[in-house]
Amino acid sequence: MARRVHQPLEDQEFDFILSMTTGPVLAYFCGTWPKAVEACRAMDAVVAELAEEYGTRFTPVRTDITRCPGPTRRYGVTGAPTAVLIKDGGAVASQAGPMTLQEFRTFLDTHL
């Protein structure tokens, strides 16, 4: 069964997901403007595969920069896509730009 990737529609929903999650959260911030869409769609596929591979080691959260400006500012996101690994509400690592599957694995393995 495929793991669910949470997609909050507003700041409060993002914060609720964080408050209800006991382990690390992988928030990847995406945009809807033309230059970001293709890279963000590629990240969707990579994160979905990693969510299956890593099981419950992290909770994936696809975060729209426009709909969730609070978390975008809070975690210093300035472009899309950007991945932020969050533990206990604080960012422990972030990476801007698209990543291949192997680059994403290295990012997760280094910081989980």
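Trainee: Before we start, what is a nonpolar core?
Mentor: A nonpolar core is a set of buried Ala, Val, Leu, Ile, Met, Phe, Trp, Tyr and Cys residues joined through side-chain atoms within 4.5 Å. Keep in mind that we're looking at a predicted model here.

Trainee: OK, how many residues are in the largest nonpolar core?
Mentor: The largest one has 20 residues. Those with the most contacts inside it are Leu26, Leu50, Phe58, Ala83, Phe104, Phe107 and Leu108.

Trainee: And which elements supply at least two residues of this core?
Mentor: Strand 1, helix 2, strand 3 and helix 4 each do. Helix 2 gives the largest share of the core, with eight residues.

Trainee: Let me pick one, leucine 108. What is it in contact with, leaving aside neighbours within four places in sequence?
Mentor: Leucine 108 is in contact with Leu26, Leu50, Tyr54, Phe58 and Leu85. There's also a second, separate core of twelve residues, which includes Ile17, Val61, Val84 and Ile86.

Trainee: Switching to rings: how many aromatic pairs are there in the whole structure?
Mentor: A search finds four. In one of them, the ring centres of phenylalanine 14 and tyrosine 75 are 6.3 Å apart and the planes sit at 55°, so the pair is tilted.

Trainee: Where do those two sit in the chain?
Mentor: Phenylalanine 14 is in helix 1 (residues 11–20), while tyrosine 75 is in the loop between helix 3 (69–74) and strand 3 (82–87).

Trainee: Are they buried or exposed?
Mentor: Phenylalanine 14 and tyrosine 75 are both buried. Together with Phe29, Phe14 and Tyr75 form one aromatic cluster.

Trainee: What about phenylalanine 104 and phenylalanine 107, how are their rings arranged?
Mentor: Their centres are 6.0 Å apart and their planes are at 85°, so that pair is edge-to-face. Phenylalanine 104 and phenylalanine 107 are three residues apart in helix 4 (residues 101–111), which puts about one helical turn between them. Both are buried.

Trainee: Now the strands. How many residues of strand 2 are buried?
Mentor: Six of the six, so strand 2 (residues 59–64) is largely enclosed by the rest of the structure. Thr59, Val61 and Thr63 point one way from strand 2, whereas Pro60, Arg62 and Asp64 point the other way.

Trainee: In what sense do strand 1 and strand 2 pair?
Mentor: Strand 1 (residues 25–30) and strand 2 pair in the parallel sense, over six bridges. For example, tyrosine 28 has arginine 62 in strand 2 as its bridge partner. Between the two strands, the chain passes through helix 2 (residues 34–54), and this β-α-β crossover is right-handed.

Trainee: How many salt bridges does the whole structure have?
Mentor: The search finds three. Another one joins aspartate 15 and arginine 74, whose closest N and O atoms are 3.0 Å apart. Aspartate 15 is in helix 1 and arginine 74 in helix 3, 59 residues apart. Aspartate 15 is partly exposed at 31%, and arginine 74 is partly exposed at 43%.

Trainee: And which side chain does arginine 105 meet?
Mentor: Glutamate 53, in a salt bridge of 2.9 Å from N to O. That pair links helix 4, where arginine 105 is, with helix 2, where glutamate 53 is, 52 residues apart. Glutamate 53 is partly exposed, with a relative accessible area of 42%.

Trainee: Last one: where is glutamine 7 found?
Mentor: In the segment before helix 1. Glutamine 7 counts as partly exposed at 48% relative accessibility. Setting aside neighbours within four places in sequence, glutamine 7 is in contact with Glu13 and Arg62.

How values were computed: Residues are numbered from 1 along each chain as its sequence is written. This is a predicted model: local features need pLDDT of at least 70, side-chain atom pairs count only at pLDDT 80 or more; totals for chains, interfaces and linings use all residues. Side-chain values use heavy atoms; hydrogens and water are left out. Rings of Phe, Tyr and Trp (its six-membered ring) pair if their centres lie within 6.5 Å; planes under 30 degrees apart count as stacked, over 60 as edge-to-face and the rest as tilted. Helices (H or I, at least four residues) and strands (E, at least two) are DSSP runs, numbered from the N terminus. Buried means under 20% relative accessible area, exposed over 50%, partly exposed in between (1.4 Å probe, protein chains only). Two strands pair if DSSP finds at least two bridges between them. A crossover is right-handed if, with the strands pointing away from the viewer, the path from the first strand over the helix to the second runs clockwise. Contact means heavy atoms within 4.5 Å. A salt bridge is a side-chain nitrogen of Lys or Arg within 4 Å of a carboxyl oxygen of Asp or Glu.
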